[in-house]
Amino acid sequence: MEGKLDVSVSHKVDLYSAKAKAKFFELRSLVYAVARDNDLGTIVETVKWGQPSYLSKHGSTVRIDWLSEDPENLGVFFNCNTSLVETFKEVFGNQLVYSGNRVVVVAIDKPVPPELSACFFMALNYHKLKRQPLLGA
């Protein structure tokens, strides 16, 4: 359940522009909603690698940060040692904007892509999902 903002995350987000801060909170709420709606358990909010981070018991860390080198966007970072972004590219193609093999880019002035809910689900449930056989296999 979405709760009080972690103090270290609050300090980080205080450095964001007003628009970036609003989009961050929208993405944060989506993380918690996906976890709640899919019974993924408690989400731990902290700062990892200098970025607000979200972890679940069976998942891979999701990090969300304002891109100082690209201030019109937020980055949603996924572990590059997973196949998550590669999977997103296969499933969603150009419906999402990517940067390399670990970032989905979210424009501050546009609606959050609905596909991001599925991305959060896959990441927050990653270790459970990777053990399940593929359908039809």
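Two strands pair if DSSP finds at least two bridges between them. I took helices (H or I, at least four residues) and strands (E, at least two) as DSSP runs, numbered from the N terminus.

**Ground rules.** I am working on a predicted model, where local features need pLDDT of at least 70 and side-chain atom pairs count only at pLDDT 80 or more, while totals for chains, interfaces and linings use all residues. Residues are numbered from 1 along each chain as its sequence is written, and side-chain values use heavy atoms, with hydrogens and water left out.

**Sheet.** I looked up the strand order and found six strands in an open sheet, S1-S2-S3-S4-S6-S5, with antiparallel pairing. S1 and strand S5 (97-99) are the edge strands, each pairing on one side only. Direction ignored, neighbouring strands are turned by 30° against each other on average. For angles I used axes as lines fitted to C-alpha atoms, for helices over the stretch in contact, with values from 0 to 180 degrees between N-to-C directions.

S5 pairs with strand S6 (residues 103-107) in the antiparallel sense over three bridges, and Val97 stands opposite Val105 in S6. H4 packs on the sheet and touches S2, strand S3 (62-66), strand S4 (73-78) and S6. The direction of H4 makes about 30° with that of S4. Contact here means heavy atoms within 4.5 Å.

**Helix H4.** How many of the 10 residues of H4 are buried? I count seven, and the helix is mostly covered. They are Glu115, Leu116, Cys119, Phe120, Met122, Ala123 and Leu124. Buried means under 20% relative accessible area, exposed over 50%, and partly exposed in between (1.4 Å probe, protein chains only).

Next I looked at the partner helix. The axes of helix H3 (residues 84-92) and H4 come within 11 Å and cross at roughly 145°. The contact is made by Leu84, Thr87, Phe88 and Phe92 of H3 with Glu115, Ala118, Cys119, Met122 and Ala123 of H4. I sorted these residues into seven nonpolar, one polar and one charged. Ala, Val, Leu, Ile, Met, Phe, Trp, Tyr, Cys and Pro count as nonpolar, Asp, Glu, Lys and Arg as charged, and the others, Gly among them, as polar.

**Aromatic pairs.** Rings of Phe, Tyr and Trp (its six-membered ring) pair if their centres lie within 6.5 Å; planes under 30 degrees apart count as stacked, over 60 as edge-to-face and the rest as tilted. By this rule I get five aromatic pairs. The rings of Tyr32 and Tyr54 have centres 6.1 Å apart and planes at 80°, so I noted the pair as edge-to-face. Tyr32 sits in helix H2 and Tyr54 in strand S2, 22 residues apart. Both are buried.

Phe78 and Phe88 are also edge-to-face, because their ring centres are 4.9 Å apart and their planes at 75°. This pair links strand S4, with Phe78, to helix H3, with Phe88, 10 residues apart. Phe78 and Phe88 are buried. Ring pairs also link Tyr16, Phe24, Phe25 and Trp66 into a cluster.

**Loops.** Asp39 has a positive phi of about 50° although it is not a glycine. Asp39 lies in the loop between helix H2 (18-37) and strand S1 (44-48) and is exposed at 71% relative accessibility. Trp49, in the loop between S1 and strand S2 (51-55), has a positive phi near 50° and is exposed at 66%.

Leaving aside neighbours within four places in sequence, Asn125 is in contact with Leu40, Ser56, His58 and Gly59.
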